Amino acid sequence: MVRKFKLAICQSNAAGDKTSNIRHADEMVRQAASQGAEVVMLPEMFNCPYRTELFPAYAESYPNGETIQMLSGTAKAAGIVLVGGSIPEIDGDTVYNTSFIFGPQGELLGRHRKVHLFDVDLPDLKVRESSTLGPGNNLTVVNAGFCKLGIIICFDVRFPEIARLLAMEGIQALMIPAAFNTVTGPAHWELSMRMRAVDNQIYVAAASPARDEKAGYVAYGHSMVVDPWGEVLVEAGLGSEIIMAEIDPVKMEEVRGRLPLLAQRRTDLYSLEWKKEDGNENN
Ligand SMILES: O=C(O)CCC(=O)C(=O)O
């Protein structure tokens with residue numbers, strides 16, 4: 001049964017030491033759970049600095065990697081759904097930017113490998129994720145019983161098609177582990193999160209790392225939860241911080257009832273389709 005629940009975002013910070021990044025994330029997740037959160041999310045690349053050339057050295061494989069073990073164990077110990085931000089995952093010869101999602105028994109509920117790699121050449125920012133990462137090919141929906149969540153990672157948010165496809169799968173919340181920066185963040189972070197919420201009439205939760213001005217890549221911060229009307233319910237500052245909001249399916253249906261956008265689509269004129277056969281896999 002879909003019902004109301006408390007969602008928390010841990011705006012953790014990641015420096016060079018992987019073990020202390022994992023410990024810091026673990027402590028924050030447990031603290032969020034002790035404050036009543038039933039779903040908790042960490043940011044993109046929460047166990048390593050966001051630097052493409054470092055991803056292979058920090059990568060680990062499912063199920064024995066130390067970060068993956070922590071995520072599963074902490075989800076179980078705290079009895080929560082844990083959207084484990086993202087980490088560099090290695091499978092065969094390829095490294096992916098992957099979000100592992102674990103349930104209250106420590107079971108894997110889903111795995112999203114970032115579909116759209118962040119390759120940009122801006123005046124003050126050049127990033128080429130494809131130099132060390134391969135793209136994922138799955139549309140990721142997690143059914144946790146009391147809620148259905150869609151998972152995308154950071155740059156994926158700029159492609160409204162994937163959010164719409166997830167909305168059509170009946171999710172209540174779009175979960176976005178992310179790491180925008182001080183160049184694109186001020187311009188597009190809030191706008192993108194609010195627009196995906198407004199176009200699809202869903203909750204959007206976006207987790208950023210805390211800001212570290214000394215890092216090579218300076219994360220934007222400002223983790224937030226947006227409601228289906230587009231209102232920012234809660235927003236973090238720049239530091240290490242936990243934010244919480246209530247996800248209410250009744251409120252979502254009220255918005256959809258009054259402004260029935262999804263029902264008013266002209267599907268006789270256009271369509272949107274996920275082309276991979278395994279597109280809706282849980283893991
Ligand atoms: O889309 C952006 O501006 C930031 C994307 C990003 O940082 C990422 O995908 O890791």
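The ligand is surrounded by Glu44, Phe118, Cys154, Phe155, Arg158, Ala179, Phe180, Asn181, Thr184 and His188, a residue being counted as near the molecule if its C-beta atom, placed from the backbone, lies within 6 Å of it. This shell divides into five nonpolar, three polar and two charged residues; Ala, Val, Leu, Ile, Met, Phe, Trp, Tyr, Cys and Pro count as nonpolar, Asp, Glu, Lys and Arg as charged, and the others, Gly among them, as polar. The model is predicted: local features require pLDDT of at least 70, side-chain atom pairs count only at pLDDT 80 or more, and totals for chains, interfaces and linings use all residues. Residue numbers start from 1 along each chain as its sequence is written.

The protein chain has six helices and 15 strands, defined as DSSP runs numbered from the N terminus (helices, H or I, at least four residues; strands, E, at least two). Its radius of gyration, 17 Å, is close to the 19 Å that the globule rule gives for 283 residues, so the chain is as compact as a globular protein of that length. The radius is taken over C-alpha atoms, and the rule is 2.2 Å times the number of residues to the power 0.38. Along its principal axes, the C-alpha trace spans about 50 × 45 × 35 Å.

Helices H1 (residues 18-34) and H3 (residues 66-78) have axes that come within 10 Å and cross at roughly 15°. H1 is therefore roughly parallel to H3. Axes are lines fitted to C-alpha atoms, for helices over the stretch in contact, with angles running from 0 to 180 degrees between N-to-C directions; angles under 35 degrees count as roughly parallel, over 145 as roughly antiparallel, 65 to 115 as roughly perpendicular and the rest as oblique. In H1, Ile22, Asp26, Val29, Arg30 and Ala33 meet Glu66, Thr67, Met70, Thr74 and Ala78 of H3, contact meaning C-beta atoms, placed from the backbone, within 7 Å. By class, this contact has five nonpolar, two polar and three charged residues.

For H4 (residues 160-168) and H5 (residues 184-200), the axes come within 10 Å and cross at roughly 40°; the two helices are therefore oblique to each other. Pro160, Ala163, Arg164 and Ala167 of H4 make the contact with Arg196, Asp199 and Asn200 of H5. Three nonpolar, one polar and three charged residues take part.

Two backbone features occur in loops. The peptide bond from Tyr62 to Pro63 is cis, with omega near 5°, and Pro63 lies in the loop between helix H2 (55-58) and H3. Met45, although not a glycine, has a positive phi of about 45°; Met45 is placed in the loop between strand E2 (39-41) and H2.

Key
Two residues are in contact if their C-beta atoms, placed from the backbone, lie within 7 Å.
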